[in-house]
Every structure is written in C-alpha cells, then in structure tokens.
Amino acid sequence: MNPSTLDPRGPGAGAIAELWWVLFYVSLIITVLTLAALGYAIFRRRVDWRLPSDEQDRGPTRAIVFAGILFPAIVISGLFIYVVITYRAITGPGDTPFTVRIIGAKWWWDVIYEYDSPILNARTANEVRIPVGRRVSIALESRDVIHSFWVPRLQGKMDLVPGRTNRIWIQADSPGVYRGQCAEFCGLQHARMAFYVVAMEENEFEEWIAAQRQPAAAPQSDAERRGRDVYLTRGCPLCHAVRGTESLAHAAPDLTHVGSRLSIAAGVLPNTRGHMAGWISNPQQIKPGSYMPRIPLEPAELQDIVSYVLSLR
Ligand code: CUA
C-alpha cells in the first residue's frame, strides 16, 4: 500500500521512475566530476601572469569552452529530449471502450464510467476500479477549484482545472489496491482528499461494472426499510443520489452502491458499520469544513440509516 513513485506498478509510473533514476545517476556523475575539477583547480600550479599572453597555458580557456559550455549543452539537451519522449509516452489516449470521467470537488472525487451508450454508465465516488493490464482513459474535470489526480505507483500527476477537460490514462500491471491523493492544495481538507484505484482481472471488472450499472437494491429487512425512510425524509436526497429512488442529486457522492466501497469520506475512514455511523452522526468532527452537514438523528434512526446505506451494495 506504500504509495511510492519508486515502486511502480504500471508503465506510466515505470517510465517516470526510470527517468528519475537516470536524472539521479547523471546528477551524481556530474557532481563527482565537478568536485574533482574543483579539487584539481585548488591544487594545480598557478598561471604565471608575467609571461606574454601567447606563451600562457591554453588549458583554462579550453576547460571553460568544453566543461562550461559544450558539456552542459550536450547533457541538458539530451536529458530534455529524454523527458519529452517520456512525457509523450505516458500521455495520450487509453484503449478502453469507456472513459472514466472524474470530477474533483471539495473534497471528494465523483467517478463516472462513460460508455458510448449512456445506458451502460455507472457512477461511484472516491474509488476507481480498472481492469488490469489496460490503458484506462481518464477525463479530469473540476467542479470548484484546481485539484490534482495522482496515483504515485501508476502514473504521474494531472490537474483537474475548472472549465476544461484534461486527459490521461492509467494502467496497473498487477491486481491490487493503489492509493491516490489530491496533489494540488485545494483548501481545508486537501490532505483528506484521497481515493483508491482498484485493479481487477478483466472478468471481475466486467462483473463489477455490470453490478454498478444496476439501480439500488431494495431494502430487505425492517431496519433497512426504516433506514430508507430516514434517508429519504431527512434531507439526504438534497445532495446524494440513490438510483432507483427519487434521490437523484449529484452535489455529493452517488450512494447507489456505497456499501461495496472500500472507504468513506474520500479515503478517510474504512467502510465499516462503526465508521459509517460515526461519519453520519457528525461529519464535521471527522472532516471539518466538508459540505456534509450534521443532521440530528435519534440513535435508533442512526442505526437504521446505517443498515440501509450499507445494504446498498
Ligand atoms: Cu483537491 Cu487538494
């Protein structure tokens, strides 16, 4: 889970890690050469200024032309070309039949799977599931301020800028959970604007996306039915959506399948019954400044709404 750029698990982060090591070793070699030249300059014999200039040592002039102009020009041009080649290799279109449209908002990620057919679309939050070994097309937008999409082990950063769409792809070479983080300061809860990329085998992904496209499951138990009524009557539908009910707002995460997610509050808490109850009962204590208000609930109502929300799998 350690999200290190030097522990890449996909070709995007792999190319960046390679670039990083090349820059590191080139810098190391040049530092050693520079220190050696400095040592040589300190201990070499002095120029005898009493000689006429045409009899003086030409070494210093040659050293300046080579080590001060030619050598840096060649090395820096070479590295620049390498950086441009790497940049071109890690940007560009993906190869999936869908695009994951990710909309940054203070302080969470709206994640929409867009196919050519809108009937196939699915919507989740703070969790991007992808098939392993595929270049998944990502389109990045923002609803308020500039955020930055960054999954250190899979790909470089890309900003989410209000009013435009930035495109990138991500690819994971092995199944697993990769932590992502907003990498552009965006306000009070910037540090708690995390997400997870879950790379799954292609067939598991197909099953997952088919389930995500479905409307919400109907409540089964009495507690879940009561919880749905609490959900629908206490203001939750003003911001949230549970597809299949009259709750269809998208100012806050789509909750249609929230029970199947790894985390709540954008990677802040694991998605367990206890944490969900804590989050609903007082979001401002867990994530001060977030737009989720505290809605006064009786203890029984809280238990029921948690039962309902977690049943939305
Ligand atoms: Cu969003 Cu920092």
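Tutor: Let's start with N126, which sits in the loop between strand 3 (122-125) and strand 4 (127-131). Helices (H or I, at least four residues) and strands (E, at least two) are DSSP runs, numbered from the N terminus. Before going on, note that this is a predicted model: local features need pLDDT of at least 70, side-chain atom pairs count only at pLDDT 80 or more, and totals for chains, interfaces and linings use all residues. Residues are numbered from 1 along each chain as its sequence is written, and side-chain values use heavy atoms, with hydrogens and water left out.

N126 has a phi near 60 degrees, a positive value in a residue other than glycine. With a relative accessible area of 7%, N126 is buried (under 20%; exposed is over 50% and partly exposed in between, with a 1.4 Å probe and protein chains only). A265 also has a positive phi, about 60 degrees, although it is not a glycine. You'll find A265 in the loop between strand 11 and strand 12 (269-270), and its relative accessible area of 13% makes it buried. W107 is in the loop between strand 1 (99-105) and strand 2 (108-114).

Now move to L255, in the loop between helix 4 and strand 11. L255 is buried too, at 11% relative accessible area. Leaving aside residues up to four places away in sequence, L255 touches Y231, H240, A241, V242, R261 and L312 (a contact is heavy atoms within 4.5 Å). L312 is 57 residues from L255 in sequence, yet their C-alpha atoms are 7.4 Å apart.

On to the open space. On a 1 Å grid over the protein atoms alone, a pocket is an open set of points with protein on both sides within 12 Å along at least five of seven lines, and lining residues have an atom within 4 Å of a point; a cavity is instead a set where a 1.4 Å probe fits but cannot get out. Points are joined across faces, edges and corners, and volume is the space filled by probe spheres set on them.

The largest pocket has a volume of about 720 Å³. It is lined by 38 residues, and those closest to its centre are H240, A252, P253, W279 and M292. Two or more lining residues come from each of helix 4 (222-233), strand 11 (263-264), helix 5 (273-281) and helix 7 (299-311). Helix 5 gives the most, three residues. Domain 2 (99-212) and domain 3 (222-311) both contribute to the lining, so the largest pocket lies between them (bounds from an automatic or database domain assignment).

The second largest pocket comes to about 420 Å³. L33, T34, A37, A63 and A67 are the closest to its centre of the 16 residues lining it. The elements giving two or more of those residues are helix 1 (11-43) and helix 2 (59-90), and helix 2 has the largest share, nine residues.

Stepping back, the protein holds seven helices and twelve strands. Its C-alpha trace spans about 105 × 40 × 35 Å along its principal axes, and 41% of its 313 residues are buried.
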